[in-house]
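Here are a few friendly notes to read alongside the model. Please keep the structure open as you go through them.

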Amino acid sequence: MQYWVHLDELELDFACHPGQSVLDCMIGSGKKGIQVGCRGGGCGVCKVEVIEGDYIARPMSKAHIDNDAIADRQVLACCITPKSDLSLKVVGKINKPIQRKGKQA
Amino acid sequence: MALRGVLRLGEISIRVLDLADARKHYVDRMGLIEVMSDDAEQKIYCKAWDEHDHHSIVLREADEAGLDYVAFKVYDDQTLTDLEPKIQAFGLEVSRVDAGVYPKSGRRLEFILPSGHRMQLFAEKEQIGNTLGTRNPGVMPDEGVIRGFRINRLDHCLLGGPNIDESARLFREVFDFDLSERIEDEESRDSLALFLTCSTKPHDVAFVFQPEAGRFHHVSFLLESATDVIYAADMIGKYRIPVDVGPNRHGVTRGNTIYFFDPSGNRNEVFSGGYVHYPDTPTLTWDTSQMGPAQFSQDNIPRESFLNVMT
């Protein structure tokens, strides 16, 4: 049984296999869109909001997913496994305090 | 230089989201030796085979990943006595922790670094040895003592936070560390990363700029050789451990390295090599025009995730 994960704003779709996290499935499909960080629920960069669908979540760092976030169905893509097709919206990002400054910066 | 005063990173306590998963990673996979556990406090204590002290890594289950504290070992109790007023004169509040509060350990001094990290100093810890003994010890422990990623010892850590110049000034002025290397913004010359040594290694601790205080970038473990780094990389692949940066060499410190994450997202490094530092070695400076070669000198590609993803 595989489920489909859809991100409307990114026009991104990929299949998710049983027992694999949403983020692992995106990486495995060769697609990009959700930021990839620690893949262990610790760094928060892959935070998404689940617009539609059911999932199982493993423990996520409270520093990034507190009770309010859980109530808003915000989770880390590396820590959820779908129980149905999912529609997601990207929330997290990698902050970049360290990089070469471009002209637009 | 005779190495006295602050000796090394002697203990690091890391928060993990699931202790059983952490044990599988650090003990079963990486090959650290579990020496003690505390069910009530949900902690396990580990060491690498070639360390004599009772333990160097503490893993504590918590609802957030990241760093609990770093503890540096100093030469003797007099060093603690001498350092306490100097840390206070620097402007930090120092609290005293009695012997035995931290298991197998003598008294400690504790304070918060300007970058927001909890740091301790201790002089004494029970020693249990590296299995070889100390008289005619030989060189090879019994089969099975060195296993997993073949880690020799805890080596250094990289901490993220604001005020890294102030944290570095504490290490230089109070703890007698040298600034071995520095990454700065090419225009503003602001410090982006600072590497500090109290030994002949390229670094014993490092700081990277992050707006948020007290962040944990990585803990690093020393391997015997670059060949062992590749062996560890094969084990990391076999066990599907998430990799941040595959085998490469750092421009800064010249270490042969691989970065990966524990099951709670805390970054780990295993590495070998690097140059020899002496107190008269000049500080090496890199700037943001050369972030590729500074970070990873075999492909010269800077990794977006590397300096910015942390717990």
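1. First, a convention for helix directions: axes are lines fitted to C-alpha atoms, for helices over the stretch in contact (heavy atoms within 4.5 Å), and angles run from 0 to 180 degrees between N-to-C directions. Helices (H or I, at least four residues) and strands (E, at least two) are DSSP runs, numbered from the N terminus. With that in hand, helix H4 (residues 226-238) of chain B lies across E13, E14, strand E15 (256-261) and E16 of chain B, at about 25° to E15(B).

2. A word on provenance. This is a predicted model, where local features need pLDDT of at least 70 and side-chain atom pairs count only at pLDDT 80 or more, while totals for chains, interfaces and linings use all residues. Residues are numbered from 1 along each chain as its sequence is written, chains are lettered from A in the order in which they are written, and side-chain values use heavy atoms, without hydrogens and water.

3. Now the sheet. In chain B, nine strands make an open, mixed sheet ordered E14-E15-E16-E13-E9-E12-E11-E10-E17; strands pair if DSSP finds at least two bridges between them. E14 and strand E17 (284-287) of chain B are the edges, each with a single partner strand, so one side of each lacks a neighbour in the sheet.

4. Within it, strand E13 (residues 215-223) and strand E16 (residues 267-272) of chain B run parallel, joined by four bridges. Phe221(B) has Val270(B) in E16(B) as its bridge partner.

5. Finally, the interface: 29 residues of chain B are in contact with 25 residues of chain A.
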